[in-house]
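Q: Please take a close look at one part of this model, the place where the two chains meet. I would like a connected description with the cut-offs stated.

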Amino acid sequence: MTVQTTGSNGNGHGSSVPEEIDYDDPRTTRFEKVKAAARQDGVDIVHYEPQFPERGSRLEKRMSRSVAFMFLLVGLFGTAFVVLYIVWPWRYEQGDVMMKYYTPLLGATLGLALLFLAFAILTWGKKLLPKEVSIQDRHDGGAPEGDRRAVGQTLAYMVEELGVKRRPLLGLAAAAGLAPVAVVVAAPLVGGLIKNPHADNQMFTTGWSPIKEPNGGTRLVRLTRDDGTPIRPADVSAGGQMTVFPGIPEGATNAHADSPTLLIHLRPDDAAVARANNVKGTGHDKFDRSDFMYGDYIAYSKICTHAGCPASLYEQQTNRLLCPCHQSQFLITDNAKPVFGPASRSLPQLPLDVDEEGYFVARSDYQATVGPDFWERP
Amino acid sequence: MKRRKIDLKTLPAKAGNEVEDRLGVATPLRSIINKVFPDHWSFLLGEIALFSFIVLLLTGTFLTLFFEPSLKEVTYDGSYTPLRGVHMSAAYASSLDLSFDVRGGLVMRQMHHWSALVFMAAIIVHMLRIFFTGAYRKPREVNWIIGSLLFWIGFLAGFTGYSLPDDALSGTGLRIASAIMLSIPLIGTWLTSSIFNGEFPGDIIISRFFIAHVLLIPALLVALISVHLALVFKQKHTQWPGPGRTNTNVVGERFFPRYTIKQAGFFMAVAGVIAVLAGALQINPIWLFGPYEAGVVSAASQPDWYVMFLDGSTRLMPAWQINIGIGNGYVIPPIFWPTVVLPGILTTLPLLYPFIEARLNKDNKIHNLLQRPRDVPQRTALGAMAVSFFLVLTLSGGNDVIADKFNISLNAMTWAGRIGLLIVPPIAYWVTYRICLGLQQHDREVLAHGVETGIIRRSPDGRFYEVHQPLGHDHEALPYAGWVVPKKMNRLGALGPALKGFFRPLERPAEAPVSPGHPPVEAAPERREIESKH
C-alpha cells in the first residue's frame, strides 16, 4: 500500500496554487486532506509507505510488543529509582559499603529508565510509523525586489520626516543630551566595581612586612606553622623543608594569599653555593640578597611568579622547586631563578633572622614582588 | 432545566474552533507541523548540546537550592568525618553538604558536571560538522558566529561553575585566572582588583561568580540558543546532495510526527547517558581535594577537558618576558601570550572565516547543499590543522600525567609539545590534503569504471583481470553528484535482504529492497563456474 504521488504535476512543488479540497467530502480520505494541507505550505509528501504492508502482521505485532515491553521497563526502573531513593542507606558513615552504592544506583536506575524511554519512543517513531519523503521549497534570498524597495522607501521617508538633515541643531542637541544618559547607565556599574589596585600598596606588600607597634616601634613577623606556632631552626632537619606563614592574625588563611613561604634547610655544601649565588645576585634583578639566609636556612615565596600556584614540589637531589600547575622549575641554590618552563622571574627570597627567643623571624617584607607578574611591576 | 447534551464526537472540532477564534494559531501551527527537516545522523550533534543544556538548567536549579555562595569562614560540621572541624568557606561547606547531607544531591551534582562536559564536547563536534561540510556558508554566517560565541560563553559558564565549590582545585584555577587577568598590559591590575574587589582572593568573588553562573551567563546562553534555533528554523536546515535534492528544496520528513518523536527519543537518550555517567563515574570529588588554601596544591591538577588546551599553551610558552624600559619599567609577562592573545585569535579567526573563504572564492551564492569534506581539500586540510593544533595543546595540558605514567622526562614532554605545536599542524594539513585528493580520485575511478566485484577473470591468453560492475549505461562515465559513490556490490543490492526472526523468518519481504534513485539490480541468470584448462 505504497502511496506515490508526484505532487503538483511533478514540477515546481507547491509553487502553483494548491487546489481547493473539500474537507467535508467523504470520498476523499483523511490522508488526502493531510496532503492538501501540506501543499498549502509548499510541502509535497512524495513517498509515504507504511512499515508493515499487511496490517496486524506478525512482525508488526512483535514490534509493538517490544515497544510495550520497553515502556514497562521504564516503569520498572523509575519505580526502582524511587524505592532506592527512599530505602537505601545514604548517609555518610566511614567504612560503610552500602552507602557508597547510593549514587551509582540512583544514576543507573534513572539512566536506564530514561534510556528505555528513549528506545521506546524511537522504536515507536522509526519502526511503527510510516516512512515518508516530503519535499518542501525553500524561499531563499528574502523578500522580492518590490517589497525591499517598499520598506527602503518607507524607512528613508521616516528619516526624512524627522528632519535631522534640515534641522541640524536638533541632531546635535539630541546627541549631546543622550551621551550623558549612556554614561549614567554605565556609571554605577563601573563606579561600583572599580577598585584601585594600588590602595595600601597591596600589590607589593605581604603579611611579612614588620608590624607597627602602638608605641611607634616595629616588630618583626615570626615564621609560623599553619596552626600559628613559631619555628626554631632545629625544627627543620637538613635537607628538609616546611611551609611557613606570617605569625599575624589570619596569617595562614587566604586573607594573606601572597604570604605562604617555603623554608628550606639546605645541606651545608648546597648552602655554601646558595650563599655565594645570593651574593652574586641573579643578574636580572637588583636586590642585594647577600645576608638573606640564616645559616643553612633559606626561604622563598611559595607563590609561583608565573601564575600564582604554589611552587611546592621540592626535589631534594637537584635542589629544584617545581610548580605543578605549569611545570616551571626554580633552582633553589641560585636565587630560585627559573631554569625551565614558562616562568620568567625568580621566586622572591625572604630575609631570615632569629629573634631573642630563638624563633625564626622575617627581617623585612619581600623585596621583590610576590606572585604573578603584571604591567606596572618596576 | 434541560441538560445540554455534549456531543463527544464534535467536541475536539468545537474546542479547536473556540481556541482559533481567540488566538488565531491554526495557520502557523499548520506550517510548523508541515515543516520538512532533512535527515542525517550528523545533523543531530547540535541537539546533544541543546539537550545537555536542558539537563544543565534542570540540575543546576536544584543545586542552587542548597549552595551557599559565600566565602565566609565556617567550621565544617557535616557528615563527612575526615573534614570535620576543618575551617573552610561556606561555599565549600555547602558543596560538601550537597554531596553528603542532601539526599540524592551527589547524583545531581555529578549530573550537572557531566552534562557540562557533554555540552562543551557536543558544541565542538557540532562545529566540526558545520565546518567540514561547509554549512556555515551564505546565508548561515550569522548562525556560525552565534555558535562560536556559544562555545566561549559555555567556556565561561564552565569556568565560573568550576570555581564555585571553592575546593583546592577550583581555587588554584581561580588564582591562575587572576594571574591571566593581571598579565594584561595597562589595565591588568585594575581589572583584577575590580573583579576580586581588591587583592586575590578577596571575599566577594564567589558571590559574583555565582550570579554570573546562575543568571547572567545562562540568560545569555538561552538568548543565543533561541536565536540560533530560530535561524535554523527560518533558514531551513542544509541537506546533503542526493536524488531529488537541490539547492532550492528540502527533502526529508515533516516536523510532525516522525521528526518530533525522534527528537523526543533522542533527548531521553542524552539525558539517560548523562544519568548513567553521573552514577557510574565519579567526577570532581571535592571532598578529596580539601578547601582552597593559597599555599597548597597537588600534582596532576588538571582543569576540565575544554580548558586543557589553554593550560597546555601556558605550559608550552617559553619564558619570554618583555621589559619596557620607560620610567620605572613595565612588564609584559609571558603568560599574556598563550592565555589572552591566543584565545583572542582563536575567537576572532573562526568568526571571520566564512567571510574570508567567500572572499577568496569570490562566492556570493546561497548554499543549501552540503559539501563532502573530500571535495574541498583546502578547507578540510585547514580544519585538520586546527584540530591537530588543539590536540597538541590539550595533550600538553596533561603532559605531567603523561610523563608520569609513561616514565618520560617532564622537560622532554614540554619540548615535544613546543616542537609538535609547530610541526604537527602542517603535517596534518599535507596528509589530509593528500587523503582528500585520493578519495576524490577513487570516486571518479568508480564512476568511470564501475564497482569492484571481487571476481577475477582469466582471459584465454592467460591474462587475469578484475571484473568491474559499471554504474552507468554502456560504459559511460557518470558525472560526480557530490554524494556517496557506491563502492561495494552490497550497496547495489547484491546482498540479499536481512530477514527478521531468530529460528525462522517472521516475514519474507516481497522483493529485494531498492534504494531510491537506483534501478534494481537483477541477479545474474546463472552462475558460471570459472574453469581452468590444463
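A: Leaving out neighbours within four places in sequence, Leu114(A) is in contact with Met268(B), Ala271(B), Gly272(B) and Ala275(B); contact here requires C-beta atoms, placed from the backbone, within 7 Å. This is a predicted model, in which local features need pLDDT of at least 70, side-chain atom pairs count only at pLDDT 80 or more, and totals for chains, interfaces and linings use all residues. Residues are numbered from 1 along each chain as its sequence is written, while chains are lettered from A and ligands numbered from 1 in the order in which they are written.

Leu114(A), Ala113(A), Phe116(A), Leu117(A), Phe119(B), Ala271(B) and Ile274(B) touch the most other members of the largest nonpolar core, which has 143 residues. Such a core is a set of buried Ala, Val, Leu, Ile, Met, Phe, Trp, Tyr and Cys residues joined through C-beta atoms within 7 Å; buried means 20 or more other C-beta atoms within 10 Å of the residue's own, all placed from the backbone. H3(A) supplies the largest share of this core, 16 residues. Helices are DSSP runs of H or I with at least four residues, strands runs of E with at least two, numbered from the N terminus. Another core, of 9 residues, lies apart from it and includes Ile45(A), Ile135(A), Phe37(B) and Val250(B).

Ile135(A) also has a bridge partner in S4(B), namely Val251(B). S3(A) pairs with S4(B), residues 249-254, in the antiparallel sense over 4 bridges; pairing requires at least two DSSP bridges between the strands.

In total, the contact takes 77 residues from chain A and 89 residues from chain B. H3(A) gives the largest share of chain A's side, 16 residues.

Terms used: Two residues are in contact if their C-beta atoms, placed from the backbone, lie within 7 Å. A residue is buried if 20 or more other C-beta atoms lie within 10 Å of its own, exposed if 12 or fewer, and partly exposed in between; C-beta atoms are placed from the backbone.
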